[in-house]
Amino acid sequence: MNQIQFIRDNHRPSHAEALALAGHHDTAQLVATAGRVRDLVHGNLVSYSRKVFIPLTHLCRDVCHYCTFAHPPRKGEAAYLSPEQVLEIARAGERAGCNEALFTLGDKPELRYSAARDELARIGYASTLEYLEAMAALVLRETSLLPHLNPGLMDAQDFARLRKVSASMGIMLESTSKRLLEKGMAHHGSPDKDPQLRLECIAQAGIANVPFTSGILIGIGETRAERIEALLALRDLHDAHGHIQEIIIQNFRAKPGTRMSGAPEPDLEDLLWTIAVARIVFGPEMSIQAPPNLSPGVLAQLVNAGINDWGGVSPVTPDFVNPEAPWPHLGHLAAETANAGKLLLQRLTIYPAYARAPERWLDPALHTRVLQARDSEGFARDEDWSPGTQTTPPAADLARTQGKGHSDASKTIRHLIDKARNGTGLCEAEIVTLFHARGDDFAAVCVAANDLRADVSGDVVRYVVNRNINYTNVCYFKCQFCAFSKGKMSENLRGRPYDLGLDEIMRRTSEAWSRGATEVCMQGGIHPEYTGQTYIDICHAVKQAAPEMHIHAFSPLEVWQGAQTLGLTLEEFLRRLVDAGLGSLPGTAAEILDDEVRAIICPDKINTQQWLQVMETAHGLGVRTTSTIMYGHVDGPQNWARHLLRLRELQARTGGFTEFVPLPFVHMEAPIYLKGRARKGPTFREAILMHAVARLALHPHITNIQASWVKMGPDGVSACLQAGANDVGGTLMNETITRAAGAAHGQEMPPHEMEALIKQAGRTPRQRSTIYGEVARARTLTSFQAAPLAEPVNTPAAKYERAIILTKLVT
């Protein structure tokens with residue numbers, strides 16, 4: 001049987017099968033197999049970490065005969081970098097966009113050199129590792145960089161201390177061959193290169209739950225069988241602890257001035273063979289890395305052999321371990337990666353899967369730093385844009401929304417696009433795959449969503465002239481994302497508590513009608529003194545002020561609470577609201593329809609099933625509703641997929657949703673962000689994908705996809721209109737909820753501005769009613785001749801600033 005036949009069943013080789021690969025010399029076959037295995041998990045992505053190299057000390061008690069990094073003490077040269085030098089290097093990296101501070105140093109030089117002992121004593125540290133701990137803490141405290149530590153052998157106590165100041169650590173196993181310790185071999189005279197000691201160190205890292213880097217150095221006297229033995233030893237440790245986040249395959253480079261200066265270097269075929277074998281031995285999930293500066297000119301071949309990562313690349317500092325080999329320019333690295341059919345993607349020093357599980361893999365002190373530096377998948381957040389800000393979106397992703405087709409997309413994405421367009425329901429895993437789209441795949445999803453939008457709704461983009469009336473910001477729920485609610489039991493952030501009287505609600509309604517509005521959108525906090533009768537009275541007040549005004553009001557949470565306070569069923573209460581004038585329900589309070597997320601962001605709110613129950617009941621009564629998602633905080637693609645599926649399933653039964661409205665999380669003033677427990681909202685790519693994937697995943701059931709100008713801004717809305725959206729929501733007149741969270745995009749977008757934005761995107765603007773009916777021409781003309789708004793009056797609710805709430809609350 002062919003020696004790699006077992007791989008074709010995606011079966012990881014046993015030890016015996018792996019060792020048999022030492023005799024397999026068909027490198028081309030191994031490379032083809034390895035590339036296919038790698039693509040099962042990593043697809044078209046190759047990652048790297050933008051780092052700065054901090055050589056804390058060049059002293060080392062070992063004398064590896066290929067190394068020029070370590071050297072004996074030199075007259076007039078400090079044994080260690082000073083804190084000022086460490087910060088100077090780190091800050092230069094920070095200015096260059098780095099997110100990793102790689103501390104590299106010799107192994108316990110104080111055990112060999114009095115110069116090291118004397119300097120440590122002078123600066124007040126007992127050991128090199130103690131000084132390393134202090135310098136890593138300094139970088140964490142003074143910069144945005146995440147330290148990665150390579151200090152040599154460590155024991156359990158070392159890991160416990162250093163874990164508090166680093167996001168990851170590493171040590172190269174290099175080889176498990178004890179022959180290399182013999183006289184005349186590469187590791188002779190280097191006690192810390194004993195394979196057993198290094199394996200024990202790596203095991204201790206696993207016990208300590210440290211995200212860890214290791215690998216092998218090839219071409220230093222080992223055999224191919226010994227390379228596989230080393231890889232298997234690392235695999236066994238990873239199987240036991242799950243902590244090895246990457247395996248480095250580093251090729252030996254002969255350096256002048258070393259004892260191995262004349263030793264032959266491994267050729268390209270040997271390097272490709274080893275990379276491919278490493279991928280086959282570890283299977284599809286492990287990250288396999290090869291340093292790009294050690295193999296210039298053949299980077300695409302390294303990718304084809306099975307790597308999915310280039311390691312740390314510095315735009316600031318040289319590779320102090322291989323100073324003769326300059327880092328490739330990041331633009332060149334991206335181009336070479338693209339030549340291999342892959343997309344270069346920045347990561348953190350801690351890999352995505354580990355970054356997404358901080359409770360296990362990070363000290364609590366680093367949770368916020370990592371969370372707010374990553375995107376929803378765990379890769380680096382390498383942009384300044386966030387929802388609600390006026391920051392320009394990233395140019396590359398903005399350009400990708402203007403694509404012309406999806407011929408360059410991966411086969412998987414093309415298949416899912418075709419399946420969605422045909423109206424065949426995508427499953428959870430397939431929707432997640434669409435949310436992972438980047439580069440050409442991202443462009444293809446946007447183009448496909450835009451094409452589907454054109455087929456379903458043409459080039460008309462609709463909007464509604466409406467007024468938001470948020471009647472109170474007093475709320476006894478403690479939603480962790482909300483900066484709007486105020487009161488004794490809320491998070492009590494910006495602004496004073498208020499509670500509008502019916503006269504002010506009527507005044508705002510009358511004013512809205514006079515300005516051409518066809519809808520008032522009304523929601524508020526869950527005031528402890530409100531009952532279902534309050535909501536009924538509000539409806540009567542609106543109809544008294546403007547009998548023809550459509551009332552779009554009350555989230556499912558308000559409906560649930562209102563029914564319970566009156567002792568009514570949902571159906572009975574909704575009928576009373578309709579009798580009082582209610583026209584439709586907003587689909588807010590959905591947040592994420594996945595209870596594992598709701599348990600974090602809104603644990604006292606109605607759950608997923610209750611939200612769906614309110615909506616299904618409303619639909620059964622002929623009351624149309626919108627649907628929403630509020631995303632980009634603690635959630636991720638799997639949660640988003642579940643949310644879309646639950647909406648699609650309900651819509652398939654009832655047909656009651658008029659539209660889907662993605663609401664990206666605005667982080668600036670949100671309690672959960674200020675407490676360090678949420679990301680900075682979705683990235684621009686994630687926000688655009690939410691609209692595009694929704695268009696595909698909800699087809700043909702929900703036909704209108706809305707973009708929020710308040711949260712996305714004009715540039716973001718324009719991009720959404722090229723990615724499946726066909727609606728831009730309401731003119732609003734007053735917007736308080738998003739602005740309370742820190743958004744900067746204003747309170748009103750009047751019709752002439754709305755239509756200019758739509759026309760700029762090449763579409764035809766048209767006013768609509770709340771439920772997508774036509775609007776009388778007289779109403780439209782009135783909306784374009786609106787007088788300036790009078791200053792709204794927010795009636796203070798002073799007692800909710802301090803008073804203890806005694807009312808029995810509904811939860």
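In this predicted model, helix H16 passes helix H17 in a left-handed crossing. The two axes come within 10 Å and cross at roughly 120 degrees. H16 and H17 are therefore oblique to each other. From H16, the contact draws on Thr 412, Ile 413, Leu 416 and Lys 419. From H17, which spans residues 428–435, it draws on Glu 430, Thr 433 and Leu 434. By class, three residues of this contact are nonpolar, two are polar and two are charged.

Helix H16 also meets helix H18. H16 covers residues 411–421, and H18 covers residues 440–457. Their axes come within 10 Å and cross at roughly 15 degrees. Angles under 35 degrees count as roughly parallel, so H16 and H18 are roughly parallel to each other. The crossing of H16 with H18 is right-handed. On the H16 side, the contact is made by Ile 413, Ile 417 and Arg 421. On the H18 side, it is made by Asp 441, Ala 444, Val 445, Ala 448, Asp 451, Leu 452 and Asp 455. Six of these residues are nonpolar, none is polar and four are charged. Ile 413 takes part in the contact with H17 and also in the contact with H18.

Some local backbone features come next. Most residues other than glycine have a negative phi, and most peptide bonds are trans. Asn 209 has a positive phi, near 55 degrees, and is not a glycine. Asn 209 sits in the loop between helix H7 (195–207) and strand S5 (212–218). Its relative accessible area is 23%, so Asn 209 is partly exposed. Ala 589 is likewise not a glycine, and its phi is positive at about 70 degrees. The loop that holds Ala 589 runs between strand S14 (582–585) and helix H23 (595–601). Ala 589 has a relative accessible area of 6% and is therefore buried. The cut-off for buried is under 20%.

The peptide bond from His 699 to Pro 700 is cis. Its omega is near 5 degrees. Pro 700 is placed in the loop between helix H27 (684–697) and helix H28 (709–721).

A further loop residue is His 243. This residue lies between helix H8 (224–241) and strand S6 (244–251). The relative accessible area of His 243 is 0%, so His 243 is buried. Beyond four places in sequence, His 243 touches Ile 202, Ala 205, Gly 206, Val 210, Pro 211 and Phe 212, among others. Its partners also include Leu 237, His 238, Tyr 354 and Trp 361. Among these partners, Ile 202 and Ala 205 fall within the span of helix H7 (195–207).

Confidence in the model was examined last. The mean pLDDT of the protein is 93. A value of 70 or more is reached by 93% of its residues. One covers residues 484–494, where pLDDT stays under 50 and the model has 54 contacts beyond four places in sequence. The other covers residues 802–808, where pLDDT also stays under 50. For residues 802–808, the model has nine contacts beyond four places in sequence. Where pLDDT is low, the predicted coordinates should not be read in detail.

Conventions:
Residues are numbered from 1 along each chain as its sequence is written. This is a predicted model: local features need pLDDT of at least 70, side-chain atom pairs count only at pLDDT 80 or more; totals for chains, interfaces and linings use all residues. Side-chain values use heavy atoms; hydrogens and water are left out. pLDDT is the predictor's confidence in each residue, from 0 to 100. Contact means heavy atoms within 4.5 Å. Helices (H or I, at least four residues) and strands (E, at least two) are DSSP runs, numbered from the N terminus. Buried means under 20% relative accessible area, exposed over 50%, partly exposed in between (1.4 Å probe, protein chains only). Axes are lines fitted to C-alpha atoms, for helices over the stretch in contact, and angles run from 0 to 180 degrees between N-to-C directions. Angles under 35 degrees count as roughly parallel, over 145 as roughly antiparallel, 65 to 115 as roughly perpendicular and the rest as oblique. A crossing is left-handed if the near helix is turned anticlockwise from the far one by less than a right angle, and right-handed if clockwise. Ala, Val, Leu, Ile, Met, Phe, Trp, Tyr, Cys and Pro count as nonpolar, Asp, Glu, Lys and Arg as charged, and the others, Gly among them, as polar.
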